[in-house]
Amino acid sequence: MQVCDGMSKLVLTIGPAHTLRQAARLMSARRVGAAVVTDPEHPGVGILTERDILDSIGAGQDPDTELAAAHRTSDVVFASPDWTLERAAAVMVKAGFRHLVVLDGSEVTGLLSMRDIVRCWADADDRATARA
C-alpha cells in the first residue's frame, strides 16, 4: 500500500495568526490531530499538532493569545504520495513524530498519520482473513 491509499485528502489548513484555541476547535470539529499552517508571506508550510497545543497549555500559556506561528513545526518532513506505508512509518518512527504532510510536487495533497497507517494495515489484514 502507498501513502496515497491511506492519507487524508481533506487537509485542515490554518494561518499563522490563528490562536491555539481556534486551532484546537477546528481540529476537534474535524476530528484530526494536526493542521497544516500556511503563511502567504513566507514560503513553505508548517504543521501544528495536538501535542504542540498540549505543550503550550502545559507550560501555562494562554491558548487565546498564543498563535499557531509560534508553535508550529516549520522544519516539516514531507512524504510523497507514492511512498509505501512502510517507508512512511519508518520515517515517522525514526524522527519521533506522528504526522507527515504529503506533497505532490510543491502542492500539499494530503496528511498521513500513524492512525491512518494502522487503519490501512488493519483493513488489509481483515480482508486477508476474510479471504482465508
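1. Contact here means heavy atoms within 4.5 Å. By that criterion, in this predicted model, Leu 100 touches Val 77, Ala 79, Trp 83, Ala 88, Val 91, Met 92, Gly 110, Leu 111 and Leu 112, with residues up to four places away in sequence left out of the list.

2. Leu 100 also belongs to the largest nonpolar core, which has 13 residues. Together with Val 3, Ala 88, Leu 112 and Ile 117, Leu 100 is among the members that touch the most others in this core. At least two residues of the core are supplied by each of α5 (85–95), β5 (99–104) and α6 (114–131). The largest share, 4 residues, is that of α5.

3. As general background, nonpolar side chains in soluble globular proteins tend to be buried together.

4. Helix α3 spans residues 50–58, and Asp 52, Ile 53 and Ser 56 are buried in it. These residues lie on the same side of α3, because the arc they cover around the axis is only 100°. An α-helix has 3.6 residues a turn, so residues three or four places apart point the same way.

5. The other side of α3 carries Leu 54 and Gly 58, both exposed. What covers the buried residues of this helix? The covering elements include α2 (20–30), β3 (45–49) and α4 (68–71).

6. Gly 60, which follows α3, has a positive phi, near 85°.

Key
Residues are numbered from 1 along each chain as its sequence is written. This is a predicted model: local features need pLDDT of at least 70, side-chain atom pairs count only at pLDDT 80 or more; totals for chains, interfaces and linings use all residues. Side-chain values use heavy atoms; hydrogens and water are left out. A nonpolar core is a set of buried Ala, Val, Leu, Ile, Met, Phe, Trp, Tyr and Cys residues joined through side-chain atoms within 4.5 Å. Buried means under 20% relative accessible area, exposed over 50%, partly exposed in between (1.4 Å probe, protein chains only). The arc is that of the directions from the helix axis to the C-beta atoms.
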